[in-house]
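Have the chain open next to you as you read.

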Amino acid sequence: MAEAFIVAAARTAGGRRNGKISGWHPADLAAQVLDALVERSGCDPALVDDVIMGCVGQAGEQATNIARNAILASKLPESVPGTSVDRQCGSSQQALHFAAQAVMSGTMDIVIAAGVESMSRVPMGLPASLPFKHGHGFYVSPNMARRYPGVQFSQFTGAEMIARKYSMPRDRLDEFAYRSHRNAIAATKSGAFKGEIVPVAVRMADGTETGELHTADEGIRFDVTLDGIKGVKLIQEGGVCTAASASQICDGAAGLMVVNERGLKTLGVKPLARVHHMSVIGGDPVVMLETPVPATQRALQKAGMRIEDIDLYEVNEAFAPVPLAWLQVLGADPDRLNVNGGAIALGHPLGGSGAKLMTTLVHALGARGKRYGLQTMCEGGGLANVTIVERL
């Protein structure tokens, strides 16, 4: 069977809501990453067969096929097509899977998998809430409501359900959140992110440019203390999760250039990694966030691997109970998990996070001289993608 290789991986540094990159139109922000991938790989832009871009909030500035609009805002020629993917938080991880499948099939040789989300400019939930507000219906259909009577699908409720199921006290979640910031601080100070971040101009929400470049993840709290995290109020009365133990709202874009053997020969570059396994499954849409657990178990079985064979894991920190439950059930080594911090510290730009996490994973494998990395994330609707890569 043909192989799929990652030859370039890049991301913007995350921006806080209404922060340093909130003034960027998301198509223009994504275009910065597309241009960086072409430059880093040395690829003739006209050779890109397709751009597959994840985005959850496909409304407003992210509507009408954000992938194509990002191409038209980039240095890629008009001949390059693009399509947009919504698998909720796993959108750009799914974009990577589609890109890999395309080059493995031989129908394409060079594909960019990317993702973007400007949560400042297209607030979370807008594609559902705005039409509903104006009388254009809601995404829950009558048949769906009959199957799940009285259910309000909520990631917040799902996080609390997981915490209760696995007997996680608030202190454990707060300590994990503190760890996320400490790991992100250490990675930033050591320059671990330098090779993966595409510098972009600081552009505030009102369009003001400061003349500076945005090169560090804005969500990291360098003055973080465990006591400070413990002082944050609960999201739900009687619960255990707080804003401090949940992913941060974030603006950002990320991407990966994926090629097959012909693509490698055409570009004449050494691959960063090979896609070893990719899969996606559905689970309970009410708990919603627990599916990375069975998804990883199934992926390891299909790949003929054990969790001990994986050197580094990226499990998206949508809420602290998610990676903690994953660690508990899989019996995984916590020292291999999100070694450079996760979304609690770095932010979670929804449709951009899949490509963002893979970019960080590939670079972390290279920096540590490790072989296998696994990425998974919880997704709206009770879905979860799993990708295993091998550093080359």
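Here is a short tour of some helices and their contacts.

First, some ground rules: this is a predicted model, where local features need pLDDT of at least 70 and side-chain atom pairs count only at pLDDT 80 or more, while totals for chains, interfaces and linings use all residues. Residues are numbered from 1 along each chain as its sequence is written, and side-chain values use heavy atoms, with hydrogens and water left out. Helices are DSSP runs (H or I, at least four residues), numbered from the N terminus.

**Helix α3**

Start with α3, residues 91-105. The expected span of a helix is 1.5 Å times one less than its number of residues. Why is α3 called largely enclosed by the rest of the structure? Because eleven of its 15 residues are buried, where buried means under 20% relative accessible area with a 1.4 Å probe, protein chains only. Among them are S91, L96, H97 and V103. Just after α3 comes G106, with a positive phi of about 85 degrees.

**Helix α13**

Now hop to α13, residues 353-368. Its 16 residues reach 22 Å from first C-alpha to last, close to the 22 Å expected. Twelve of the 16 are buried, so α13 too is largely enclosed by the rest of the structure. The buried ones include K356, T359, L361 and L365. G369 follows α13, and its phi is positive, near 65 degrees.

**How the helices cross**

Two packed helices are described by the angle between their axes and the distance between the axes. Axes here are lines fitted to C-alpha atoms over the stretch in contact, and angles run from 0 to 180 degrees between N-to-C directions.

| Helix pair | Axes come within | Crossing angle |
|---|---|---|
| α3 and α13 | 5 Å | roughly 70 degrees |
| α6 and α11 | 9 Å | roughly 35 degrees |

The α3 angle makes this helix roughly perpendicular to α13 (65 to 115 degrees counts as that). S92, Q93 and L96 in α3 meet S353, G354, A355 and M358 in α13, with contact meaning heavy atoms within 4.5 Å. These residues divide into three nonpolar, four polar and no charged; Gly counts as polar here.

Definitions and conventions. Helices (H or I, at least four residues) and strands (E, at least two) are DSSP runs, numbered from the N terminus. Buried means under 20% relative accessible area, exposed over 50%, partly exposed in between (1.4 Å probe, protein chains only). Angles under 35 degrees count as roughly parallel, over 145 as roughly antiparallel, 65 to 115 as roughly perpendicular and the rest as oblique.
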